[in-house]
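Here is a short briefing to read with the model open beside you.

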Amino acid sequence: MSIHYSPYDERLWSHPWDTYKRMQEEAPAYFIEDLDCWALTRFEDIWKASMDRKAFTATHGTSPDALFLSKAPQPEVFLFMDPPAHGRTRGLIGRSYLKDKIALIEDHVRGVVRTEIAPMLSTGEIDVYRLASRTALQLIAAFIGLEYEEALRIRSYIDRFYLREPGVRGTTAKGAEAFAEAREYIMGLIEKYRRDPPAEHSHIVTWLNADVDGNRLTDEQIFFSIFAMVITGSDTLPLTTACATYNLAANPDQLGMVRDDPTLCAAAFEEAARFDQPTNMLGRRVCQEVELHGETMRPGQSVLFLYAAACRDEREFDEPDRFDITRRQRRNLSFGTGLHFCLGQHLARLEGQVLLQEILASVGDFEVRHDRCERIRGEFLQGFCQLPISFKPHAS
């Protein structure tokens with residue numbers, strides 16, 4: 001039986017693993033004819049391609065929508081740049097996310113989580129996804145220079161933007177409408193912040209005053225930068241925290257280990273990011289002929305890096321379909337690698353560790369409400385977007 005794969009095959013969104021394994025074994029460089037695109041599923045192949053700056057470019061976009069469905073040129077932001085422009089533009093804010101700088105804000109992160117979780121404890125229920133989302137939004141809003149309510153509003157547009165409808169490839173009409181509304185709203189914020197700048201250290205002030213090769217950033221560039229940072233700063237953390245909570249509950253022995261040693265929450269978060277990788281895929285455009293597994297990728301074609309598949313590649317991980325917080329990962333693709341590795345990976349790891357520690361310290365024994373769990377499904381994102389847990393309510 002031949003393999004049939006497409007990022008837009010809705011039948012695979014719920015359970016792609018069998019197909020991914022067949023692709024890894026039988027067609028590790030899989031050609032998707034109607035998209036003129038290659039899909040890579042093996043860890044090693046994606047790792048090497050991510051490092052290859054000559055053969056692959058991000059300037060045509062990295063999401064399936066951008067690579068296959070959009071006719072518009074990509075915005076000039078670092079997510080869609082190659083060197084040297086990438087380094088100069090990303091470098092405007094990059095130092096804020098260095099590991100040593102992120103370590104300094106642990107007490108602040110813990111304070112945010114405790115403030116958010118406090119009113120939930122008397123109800124006997126926490127939606128882990130919602131708690132993590134509110135935490136992430138508060139923190140990324142502060143980095144960007146937005147008010148929390150402004151970040152919440154932008155997030156509401158993003159949630160509508162990502163909704164998928166059966167039979168519709170990529171962004172829906174409602175999603176396009178949400179993007180237009182987000183653009184109008186953020187452009188208004190840029191105008192407001194030009195008149196009344198936020199904190200001096202914020203990204204907005206940096207972008208407003210930036211000089212890259214003698215040029216100021218345009219409002220369009222600042223809009224896309226804000227929109228993208230809210231997405232990346234509040235997408236994967238809640239999905240991964242919810243996954244970690246779900247799988248700890250499903251593995252009582254590992255939950256007991258984490259309760260005995262809360263520092264293992266970092267390992268639980270790391271394993272969740274591997275086990276249920278929230279970013280299904282990103283891609284590149286081929287700009288130099290590449291030979292791989294007997295196939296030829298030609299300039300002008302696209303290539304998808306199927307991170308979710310690679311994170312369960314048995315060539316890299318022993319028993320990859322098993323959730324195991326004691327796993328030692330020699331290498332990691334959960335936050336990408338190479339030039340376009342996730343800028344906020346250290347922040348996400350800190351947030352995830354603190355969230356799990358504070359949840360477990362606050363609720364005692366808990367039960368996942370499986371009847372009310374929901375997952376987001378699509379070609380791009382996957383994971384629990386609702387994960388309620390119940391526990392004995394705290395006295396008011």
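## Briefing on the predicted model

A66 has its place in helix α3, which covers residues 64–69. This is a predicted model, so keep that in mind for every value below. With a relative accessibility of 9%, A66 counts as buried. A66 and G283 are 217 residues apart in sequence, yet their C-alpha atoms are 9.4 Å apart in space.

**Aromatic rings**

- The count of aromatic pairs comes to 21.
- One of them joins F223 and F224: the ring centres are 4.7 Å apart and the planes meet at 55°, so this pair is tilted. F223 and F224 are both buried.
- Another pair is F305 with Y307, where the centres are 6.4 Å apart and the planes stand at 75°, so the arrangement is edge-to-face. Both F305 and Y307 are buried.
- F223 and F224 also belong to an aromatic cluster, together with F161, Y162, F179, F227 and F380.

**Charges over rings**

- R274 places its charged end over the ring of F317, at 5.3 Å from the ring centre.
- W47 has R331 over its face, with 5.1 Å to the centre of the ring.

**Cavities**

- How many cavities of 30 Å³ or more does a search of the whole structure find? The search finds five.
- The largest cavity holds about 100 Å³ of space. Its lining is made up of A49, S50, D52, R53, F56, T57, A58, D82, P83, R284, L339 and H340.
- Two elements, α2 (43–51) and β3 (56–57), each supply at least two residues of that lining. Sorted by class, the lining of the largest cavity has five nonpolar, three polar and four charged residues.
- The second largest cavity has a volume of about 80 Å³. It is lined by 13 residues, and the closest to its centre are P7, L12, W13, Y20 and N280.
- By class, the lining of the second largest cavity divides into seven nonpolar, four polar and two charged residues.

**The second largest pocket**

- This pocket has a volume of about 260 Å³.
- The residues lining the second largest pocket are K99, I102, A103, E106, A266, F269, E270, H346, R349, L350 and Q353.
- Which of them gives the most to the lining? It is α16, with four residues.
- In terms of class, the lining of the second largest pocket has five nonpolar, two polar and four charged residues.

**Cysteines**

- The count of disulfides comes to zero.
- C265 counts as buried, at 1% relative accessibility.
- C311 is in no disulfide either, and its nearest cysteine sulfur, that of C243, is 11 Å away. The relative accessible area of C311 is 1%, so C311 is buried.

**Backbone points to look at**

- P83 and P84 are joined by a cis peptide bond, with omega at about 0°. P84 is found in the loop between α3 and α4 (85–94), while P83 is also among the residues that line the largest cavity.
- H293 has a phi near 55°, which is a positive value in a residue other than glycine. Its place is the loop between β6 (290–292) and β7 (295–297). Is H293 buried, partly exposed or exposed? At 39% relative accessibility, H293 counts as partly exposed.
- E319 has a positive phi too, near 45°, and is likewise a residue other than glycine. E319 lies in the loop between α15 (307–310) and α16. With 52% relative accessibility, E319 counts as exposed.

Key
Residues are numbered from 1 along each chain as its sequence is written. This is a predicted model: local features need pLDDT of at least 70, side-chain atom pairs count only at pLDDT 80 or more; totals for chains, interfaces and linings use all residues. Side-chain values use heavy atoms; hydrogens and water are left out. Rings of Phe, Tyr and Trp (its six-membered ring) pair if their centres lie within 6.5 Å; planes under 30 degrees apart count as stacked, over 60 as edge-to-face and the rest as tilted. Buried means under 20% relative accessible area, exposed over 50%, partly exposed in between (1.4 Å probe, protein chains only). A charge sits over a ring if NZ of Lys or CZ of Arg is within 6 Å of the ring centre and within 35 degrees of the ring normal. On a 1 Å grid over the protein atoms alone, a cavity is a set of points where a 1.4 Å probe fits but cannot get out, and a pocket is an open set with protein on both sides within 12 Å along at least five of seven lines; lining residues have an atom within 4 Å of a point. Grid points are joined across faces, edges and corners, and a volume is the space filled by probe spheres set on the points. Ala, Val, Leu, Ile, Met, Phe, Trp, Tyr, Cys and Pro count as nonpolar, Asp, Glu, Lys and Arg as charged, and the others, Gly among them, as polar. A disulfide is a pair of cysteine sulfur atoms within 2.5 Å.
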